[in-house]
Amino acid sequence: MDIAIIGANGDVGRALAVQIVARKLLSPRQRLQLVGRRGGASAQALFGLRADLYDAYAEITPEIDVALAPEEVAADLILFTAGATAPTSGRQMVSRLELARINAEVVQSYASVLAQRGHGQELVVMVTNPVELGVEVFARHLGAARVIGMGAYQDSMRLRREIAADLGVRRQRISAYMLGEHGDALVPILSKLWIYAYDEAEVGVVRERLIGGRAPGDFAIALTREKMHLKELVGAGEVEAAFRYAEAMAPDLRAVLLPLVTHISTAKTAISTAAVTAELCEQLLGGGQSVIPAQVRLAEDDWDGPAGVLGVPVVCDLRGWSQVTDLELNDQERSDLFGSARIIQQQLKEWLK
Ligand SMILES: NC(=O)c1ccc[n+]([C@@H]2O[C@H](COP(=O)([O-])OP(=O)(O)OC[C@H]3O[C@@H](n4cnc5c(N)ncnc54)[C@H](O)[C@@H]3O)[C@@H](O)[C@H]2O)c1
């Protein structure tokens with residue numbers, strides 16, 4: 001089992017390399033490939049990163065090599081973190097469309113080469129945003145089953161953590177999903193909230209308390225409103241106040257808005273993204289099948305909703321994802337999830353023109 005990190009010299013890529021080595025996800029006989037660009041800063045820095053990792057983790061490092069072109073990528077598990085990132089400040093003028101078009105080219109350049117030169121079994125975990133775009137492009141080249149977007153996994157883990165924090169329990173005792181888009185059209189699924197050792201009535205009470213007085217379906221409205229307010233606070237230099245304000249919200253809003261404040265505070269979310277991606281890898285490398293919320297490209301017969309890229313729970317192992325599972329929705333959630341699918345499809349059409 002070999003792992004490649006594409007974009008290894010970026011903030012997420014570097015943090016991910018540290019996580020993979022420090023968590024001993026690979027044995028010393030296996031290989032971690034750090035992938036950058038010939039002619040870019042990474043052409044030098046990745047050799048330094050490799051030396052630094054050997055220096056820090058001499059006893060446990062896998063073999064580490066550096067690749068500087070898509071043709072050189074060779075691994076079983078490919079973690080895609082290359083490309084432009086959303087501006088951390090409102091003063092930087094890059095539209096989501098521009099960003100998507102830049103990253104479409106980056107993703108495309110690897111997907112087409114991997115389709116021709118890969119060994120035909122690679123599993124790609126898409127971290128680069130928009131996650132849905134990367135999933136669509138890789139799915140066209142490698143087939144839908146071999147690409148998963150980690151946005152829904154990260155969003156779901158954040159939701160579970162925030163609920164757990166309110167209850168004073170560990171995240172592992174909670175099951176809840178954040179599905180749909182890894183973006184504004186994400187959908188919290190709380191109707192099937194599960195809490196270890198709580199019976200249905202107790203879970204019902206917790207659910208009511210978590211959502212507060214908000215009407216079903218009002219998540220997206222609250223998200224837009226609070227997002228604007230938080231951006232204004234951070235824009236006015238009130239980062240600490242923005243965190244305090246976001247921390248007082250319901251857990252589903254906190255799960256989305258705290259990372260937003262973190263990103264626009266200029267700290268970005270590279271450490272948490274790397275940690276959760278490594279956790280996902282750990283599950284995949286465990287050998288068995290797991291249920292993983294992820295953005296995947298669905299065909300019409302994969303589920304009873306529209307075809308296209310969407311965050312849903314899927315059964316997954318190192319060979320890829322095989323089926324949608326554990327998706328019991330109430331009417332509101334179903335309608336929101338279908339709405340999210342439509343939004344993603346419209347965006348993909350525009351981005352991939
Ligand atoms: N899915 C998530 O939850 C999540 C969270 C955080 C960041 N991200 C995304 O991950 C991506 C990386 O974020 P970051 O903060 O590390 O950005 P960054 O700017 O620090 O790093 C991006 C790296 O990609 C490299 N790169 C660009 N084009 C390349 C190419 N053709 N080949 C190889 N390398 C190339 C750049 O040189 C840079 O080193 C962004 O798209 C960001 O939006 C996703």
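Student: Which residues of H4 are buried?

Tutor: A residue is buried if 20 or more other C-beta atoms lie within 10 Å of its own, exposed if 12 or fewer, and partly exposed in between, with C-beta atoms placed from the backbone. Helices (H or I, at least four residues) and strands (E, at least two) are DSSP runs, numbered from the N terminus. In H4 (131-142), the buried residues are Val131, Glu132, Leu133, Gly134, Val135, Glu136, Val137, Phe138, Ala139 and Leu142. Because 10 of its 12 residues are buried, H4 is largely enclosed by the rest of the structure. This is a predicted model, in which local features need pLDDT of at least 70, side-chain atom pairs count only at pLDDT 80 or more, and totals for chains, interfaces and linings use all residues. Residues are numbered from 1 along each chain as its sequence is written.

Student: How many residues does H4 have, what span does it reach, and what follows it?

Tutor: The expected span of a helix is 1.5 Å times one less than its number of residues. H4, with 12 residues, reaches 16 Å from its first C-alpha to its last, close to the expected 16 Å. Just after H4, glycine 143 takes a positive phi of about 95 degrees.

Student: Where is proline 130 placed, and what kind of peptide bond joins it to asparagine 129?

Tutor: Proline 130 is in the loop between E5 and H4. The bond that joins it to asparagine 129 is a cis peptide bond, with omega about -15 degrees. Asn129 also belongs to the closest residues around the ligand, together with Gly7, Gly10, Val12 and Ala82.

Student: How many residues surround the ligand, and which elements give two or more of them?

Tutor: A residue is near a molecule if its C-beta atom, placed from the backbone, lies within 6 Å of it. Here 32 residues surround the ligand. The elements that give two or more residues to this shell are helices H1 (11-22), H3 (96-117), H5 (151-167) and H10 (270-285). For composition, Ala, Val, Leu, Ile, Met, Phe, Trp, Tyr, Cys and Pro count as nonpolar, Asp, Glu, Lys and Arg as charged, and the others, Gly among them, as polar. The shell divides into 10 nonpolar, 19 polar and three charged residues.

Student: What does the domain assignment give, and how many residues of each domain are in contact with the other?

Tutor: Domain bounds come from an automatic or database domain assignment, which here gives domain 1 (2-151) and domain 2 (152-353). Their centres, taken over C-alpha atoms, are separated by 23 Å. Two residues are in contact if their C-beta atoms, placed from the backbone, lie within 7 Å. By that criterion, 34 residues of domain 1 are in contact with 43 residues of domain 2. The side of domain 1 that touches domain 2 divides into 22 nonpolar, six polar and six charged residues. The shell around the ligand draws at least three residues from each domain.

Student: Is alanine 197 buried or exposed?

Tutor: Alanine 197 is exposed, with 7 other C-beta atoms within 10 Å. Its phi is near 75 degrees, a positive value in a residue other than glycine.
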